[in-house]
Amino acid sequence: MFEVGAWRVPSVKRRLRASVAGEAAVVRQRGPREERSARPRHLAIIMDGNGRWASSRGLSRTRGHEAGVLALPRVVDTALEEGVEHLSLFFFSTENWNRPRGEVAALMRLTAQLADVFRAYGERGVRLRWLGSEARLPRATLAALRRAEAETAGNRAMTLAFCFNHGGREEIARAATSLARASADGALDPGLIDEALFTRHLPHGDLPDIDMLVRTSGEQRISNFMLWRAAYAELFFVDTLWPDFTADELRGLLAAFAGRERRFGAK
């Protein structure tokens with residue numbers, strides 16, 4: 001387990017809080033959002049490119065992750081304004097433990113602080129949900145995620161699913177284990193297992209399938225992200241590195257999504 005030390009870059013936390021407050025004021029000035037039936041109900045984003053953004057500027061990878069955190073409010077607020085019901089953000093995968101120890105420790109610190117900052121969205125009706133495994137997480141990081149979940153549990157304006165220490169295969173294996181145990185205990189007839197039942201045994205089984213999945217940085221793969229829920233997602237791969245991703249770029253992608261015909265295998 002990584003032990004998390006003191007937060008060493010307080011300016012990032014202050015700037016993030018200021019950004020959350022500032023974006024909230026802008027959204028309020030624009031007034032209530034109109035209904036948009038062509039918008040995705042569930043938007044998911046693989047936030048990639050922090051390291052390359054930092055390297056291109058001669059900075060450490062940690063500085064790139066800090067810049068990526070500061071990009072979050074403009075995306076969260078745009079999703080709120082555009083009427084997205086569920087926004088899932090991929091921040092750290094189960095494979096990312098293979099990165100240098102110092103980088104991983106910095107990400108743990110950032111996440112603990114980020115979870116605390118996102119609690120401010122609770123005042124605007126956002127519900128924070130954490131999707132991931134508890135394995136190897138520092139106590140402070142886990143406590144911050146759980147606290148943010150508990151304090152925003154009753155909110156309904158939008159669900160923000162924070163995917164941290166998340167792996168799509170790990171989720172599927174966890175659901176299979178749960179079903180196997182229920183069958184072994186005699187509480188479930190294995191012959192009754194279908195897709196709907198399997199979905200309910202996933203972590204946060206009420207989270208709907210992904211409609212629209214965006215990956216930044218030019219990579220064209222989904223990297224073990226929400227594999228079950230991404231089965232019929234519309235995929236968008238953009239070259240922009242995550243810290244440079246803007247609200248206008250997200251709006252453009254949402255417009256492109258509205259122009260796609262979703263067939264679900266029917267044609």
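Leaving aside neighbours within four places in sequence, which residues is Leu 87 in contact with? In this predicted model, the partners of Leu 87 beyond those neighbours are Leu 43, Ile 45, Val 76, Ala 79, Met 158, Thr 159, Leu 160 and Ala 161.

Leu 87 belongs to the largest nonpolar core, a set of 47 residues, in which Ile 45, Leu 87, Phe 91 and Phe 164 are those with the most contacts inside the core. The element that gives the most to this core is helix α5, spanning residues 101-118, which supplies eight residues. Apart from this core lies another one, of 13 residues, which includes Ile 46, Leu 131, Met 226 and Ala 230.

Helix α5 also holds Glu 103, a residue that is buried, with a relative accessible area of 6%. When neighbours within four places in sequence are left aside, Glu 103 is in contact with Arg 61 and His 65.

A further feature is the packing of two helices, α4 and α9, whose axes come within 9 Å and cross at roughly 40°. The two helices are therefore oblique to each other, and α4 passes α9 in a right-handed crossing. The residues that make the contact are set out by helix below.

| Helix | Residue range | Residues making the contact |
|---|---|---|
| α4 | residues 72-81 | Arg 74, Val 75, Thr 78, Ala 79 and Glu 81 |
| α9 | residues 247-258 | Ala 247, Leu 250 and Arg 251 |

By class, the contact of α4 with α9 comprises four nonpolar residues, one polar residue and three charged residues. Ala 79, which takes part in this contact from α4, is also among the residues in contact with Leu 87.

Definitions and conventions:
Residues are numbered from 1 along each chain as its sequence is written. This is a predicted model: local features need pLDDT of at least 70, side-chain atom pairs count only at pLDDT 80 or more; totals for chains, interfaces and linings use all residues. Side-chain values use heavy atoms; hydrogens and water are left out. A nonpolar core is a set of buried Ala, Val, Leu, Ile, Met, Phe, Trp, Tyr and Cys residues joined through side-chain atoms within 4.5 Å. Buried means under 20% relative accessible area, exposed over 50%, partly exposed in between (1.4 Å probe, protein chains only). Helices (H or I, at least four residues) and strands (E, at least two) are DSSP runs, numbered from the N terminus. Contact means heavy atoms within 4.5 Å. Axes are lines fitted to C-alpha atoms, for helices over the stretch in contact, and angles run from 0 to 180 degrees between N-to-C directions. Angles under 35 degrees count as roughly parallel, over 145 as roughly antiparallel, 65 to 115 as roughly perpendicular and the rest as oblique. A crossing is left-handed if the near helix is turned anticlockwise from the far one by less than a right angle, and right-handed if clockwise. Ala, Val, Leu, Ile, Met, Phe, Trp, Tyr, Cys and Pro count as nonpolar, Asp, Glu, Lys and Arg as charged, and the others, Gly among them, as polar.
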